[in-house]
Amino acid sequence: MAEPYAKSAVFDEQTLPDPLRNDHRTKAGTWGLLRVFSGKVRLIFIDPPSDHHVTPQTPATIPPQATHHVVTMGPMSMQVEFYRERPTPEPSRVDG
């Protein structure tokens, strides 16, 4: 199983930075895995368009260079993990 080489800070609905709320992408060769520890968020991909509800039970994989943004849906906490190969999503653990 792939191991992350980096992780973002844990964000909540107040501290989620504007760059994650607006269209952005990972660099070439970098996969993201969006983990939600509480609540839920929407992960919206631009091309091709898709909209995913991400919860603690359903983390979301972000392919390299896929343009996307996050929309909060009330109280939540989340973190993004970064990988050099495609991660295998498993439900989030609070001790993340």
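Here is a short walk through this structure, from its core out to a couple of its loops.

Keep in mind that this is a predicted model, where local features need pLDDT of at least 70, side-chain atom pairs count only at pLDDT 80 or more, and totals for chains, interfaces and linings use all residues. Residues are numbered from 1 along each chain as its sequence is written, and side-chain values use heavy atoms, with hydrogens and water left out.

Let's start inside. In soluble globular proteins, nonpolar side chains tend to be buried together. Here, the largest nonpolar core has 16 residues. A nonpolar core is a set of buried Ala, Val, Leu, Ile, Met, Phe, Trp, Tyr and Cys residues joined through side-chain atoms within 4.5 Å. Buried means under 20% relative accessible area, exposed means over 50%, and partly exposed is in between (1.4 Å probe, protein chains only). The residues with the most contacts inside this core are L16, L34, V41, L43, V54, V70 and M78. Two or more core residues come from each of strand 3 (31-38), strand 4 (41-45), strand 6 (60-62) and strand 8 (77-83). Strand 4 gives the largest share, three residues. Strands (E, at least two residues) are DSSP runs, numbered from the N terminus.

Pick out L16 next. Leaving aside residues up to four places away in sequence, L16 touches F11, R21, V70, T72, M76 and M78. A contact here means heavy atoms within 4.5 Å.

Now follow strand 3. Seven of its eight residues are buried, so strand 3 is largely enclosed by the rest of the structure. Who are its neighbors? Strand 3 runs antiparallel to strand 8, and seven bridges join them; two strands pair if DSSP finds at least two bridges between them. V36 has M78 as its bridge partner in strand 8. Strand 3 also pairs with strand 6, again in the antiparallel sense, over three bridges, and there L34 stands opposite A60.

Strand 4 has a partner too. A hairpin of four residues links strand 4 to strand 5.

Most residues other than glycine have a negative phi, and most peptide bonds are trans. P48, in the loop between strand 4 and strand 5 (50-54), is joined to D47 by a cis peptide bond, with omega about 0 degrees. Q65 sits in the loop between strand 6 and strand 7 (68-72), and its phi is positive, near 60 degrees. Q65 counts as partly exposed, at 43% relative accessibility.
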